[in-house]
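This report concerns an annotated site and a helix pair in one model. Please consult the sequence and structure shown here.

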Amino acid sequence: NDAIAIAIDGPAAAGKSTVAKIVAQELSYIYIDTGAMYRAITFKALEQKVKLDDETTLIDLLVHTDIELKHGQSVLLDEQDVTHEIRSEMVSNNVSHVAKHPEIRIEMVKRQQELAKKRGVVMDGRDIGTHVIPDAEVKVFLIATVEERAKRRYEENLKKGFSSNLEQLKKEIEQRDLIDTKREAAPLLKADDAIEIDTTSLSINDVASLILSEVEKVT
Ligand code: C5P
């Protein structure tokens with residue numbers, strides 16, 4: 001079977017990464033979490049107190065920054081492990097402000113296209129099917145109600161050992177989706193040829209199976 005590219009897009013906390021990892025594992029493909037790349041540069045910008053509306057300084061920072069996604073899903077920022085740091089609320093609530101800058105997106109897309117060149121990849125994000133891999137053989141757009149997405153994030157946090165405010169989570173997710181959807185440069189959008197899957201009442205394995213059956217159709 002020829003290796004293909006699978007693009008998974010959708011709003012925040014729709015289960016993209018969980019499903020993408022399962023699909024990648026099943027196919028022995030590489031999973032590429034593009035959100036982690038935007039998170040990593042956001043973490044660095046916050047550390048260095050760069051103003052997040054200063055696109056010129058941000059792009060200069062990014063071109064001098066090495067971001068590596070390791071197979072076990074650890075994230076290296078200039079060789080330092082920031083896997084956990086980039087999931088902080090601080091990063092989550094600021095990343096969309098960094099990701100909206102066109103210059104930042106151009107550089108990120110260039111890096112992501114390099115990673116997807118050889119196929120055999122499952123890539124998730126907001127603009128994978130529309131901009132990063134417009135010729136992906138399988139494109140999926142995952143959605144779920146914001147209530148369900150906030151609930152999942154809440155339970156994920158509990159598992160990690162901390163409790164959060166459900167209403168607050170819901171507001172943060174809505175805010176992030178709003179910025180991602182309204183931005184000029186490559187906004188969050190379903191590609192015309194993407195299959196939309198509403199995961200609200202589906203299990204993770206149901207969603208993975210649906211995607212794998214789409215993969216079977218084209219391979
Ligand atoms: O997927 P995740 O929630 O980790 O993404 C964090 C943020 O990074 C998104 O809210 C969005 O602002 C940005 N992002 C993006 N394009 C991508 C992936 C993520 O703009 N392909």
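The text below treats the annotated site and then the helix packing.

The model is predicted: local features need pLDDT of at least 70, side-chain atom pairs count only at pLDDT 80 or more, and totals for chains, interfaces and linings use all residues. Residue numbers start from 1 along each chain as its sequence is written.

**Annotated site.** An unreviewed UniProt entry lists G10, P11, A12, A13, A14, G15, K16, S17 and T18 under "binding site"; such annotations may be inferred rather than shown by experiment. A12 lies in the loop between β1 (5–9) and α1 (16–27), whereas K16 belongs to helix α1. Helices (H or I, at least four residues) and strands (E, at least two) are DSSP runs, numbered from the N terminus. A residue is buried if 20 or more other C-beta atoms, placed from the backbone, lie within 10 Å of its own. Contact requires C-beta atoms within 7 Å; the contacts tabulated leave out residues up to four places away in sequence.

| Residue | Contacts |
|---|---|
| A12 | R149, I173, R176 and D177 |
| K16 | I8, G10, D124 and L142 |

A12 is buried because 22 other C-beta atoms lie within 10 Å. K16 is buried too, with 27 C-beta neighbours inside 10 Å.

**Helix packing.** Helices α8 (residues 146–160) and α9 (residues 166–182) pack at about 120 degrees, with their axes 9 Å apart; axes are lines fitted to C-alpha atoms over the stretch in contact, and angles run from 0 to 180 degrees between N-to-C directions. The two helices, α8 and α9, are therefore oblique to each other, a class left after under 35 degrees (roughly parallel), over 145 (roughly antiparallel) and 65 to 115 (roughly perpendicular). From α8, V146, E147, R149, A150, K151, R153 and Y154 meet L166, L169, K170, I173 and E174 of α9.

Conventions. Buried ≥ 20, exposed ≤ 12 C-beta atoms within 10 Å, placed from the backbone. Contact = placed C-beta atoms within 7 Å.
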